[in-house]
Amino acid sequence: MKIAKEDVPVKINTPAAIARQQTGFGDSTGYGEISGEYFSLSAGTDISPLLQGLKQNMCQTPHWGYVLKGEITVLFSDNTKETVTTGDLFYWPPGHTVIAGKDSDFVMFSPQEEHCEVIDHILGKMAVS
């Protein structure tokens, strides 16, 4: 699920403040602590090889985030894909991988324990390369 800033419904609109809110934007029930993460990926980066060995060879952690700049294509375990670009809010459910179409910077919020396991797995793959 993704949504552009302009499509997030405005709830408060005053000369001093604008607040937008998209309700129902993913479910974090049962995940415990959340980590805040900032990622930069170069154009063409495909993390799929680094996820080999995980369930479905994909990241199994949900993420909520915002694309500061760039373009990222997300491939999901059900064989669907979507592209998020500068200014999009996104939710990626478990079962995904990403490919950067352009140099990209994005912020994510993820269940800490689950995503640390994925990052440790990636680091292990990189150490072997």
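Over how many bridges do strand E5 and strand E8 pair? The legends below work towards that and other views. This is a predicted model, in which local features need pLDDT of at least 70 and side-chain atom pairs count only at pLDDT 80 or more, while totals for chains, interfaces and linings use all residues. Residues are numbered from 1 along each chain as its sequence is written, and side-chain values use heavy atoms, with hydrogens and water left out.

**View 1. The whole chain has two helices and 10 strands.** Helices (H or I, at least four residues) and strands (E, at least two) are DSSP runs, numbered from the N terminus. Along the sequence the pattern reads β-β-β-β-α-β-β-β-β-β-β-α. The radius of gyration is 15 Å, close to the 14 Å that the globule rule gives for 129 residues, so the chain is as compact as a globular protein of that length. That radius is taken over C-alpha atoms, and the rule is 2.2 Å times the number of residues to the power 0.38.

**View 2. Five strands form an open antiparallel sheet in the order E1-E8-E5-E10-E4.** Strands count as paired if DSSP finds at least two bridges between them. Strand E1 (2–4) and E4 stand at the edges with a single partner strand each, so one side of each has no neighbour in the sheet. E5 (residues 63–69) and E8 (residues 88–92) pair over four bridges, in the antiparallel sense. Here histidine 63 sits opposite tryptophan 92 in E8. H2 packs on this sheet, touching E4, E5 and E10, and its direction makes about 125° with that of E10. Contact means heavy atoms within 4.5 Å; axes are lines fitted to C-alpha atoms, for helices over the stretch in contact, with angles from 0 to 180 degrees between N-to-C directions.

**View 3. Three strands make another open antiparallel sheet, ordered E7-E6-E9.** Strand E7 (81–85) and E9 are its edge strands, each pairing on one side only. Five bridges join E6 (residues 71–76) to E9 in the antiparallel sense, and leucine 75 stands opposite threonine 97 in E9.

**View 4. The largest pocket is lined by 19 residues.** A pocket is an open set of points on a 1 Å grid over the protein atoms alone, where a 1.4 Å probe fits, with protein on both sides within 12 Å along at least five of seven lines; lining residues have an atom within 4 Å of a point. Phe39, Leu41, Ile47, His115 and Ile122 lie nearest the pocket centre. H2 gives the largest share of the lining, six residues.
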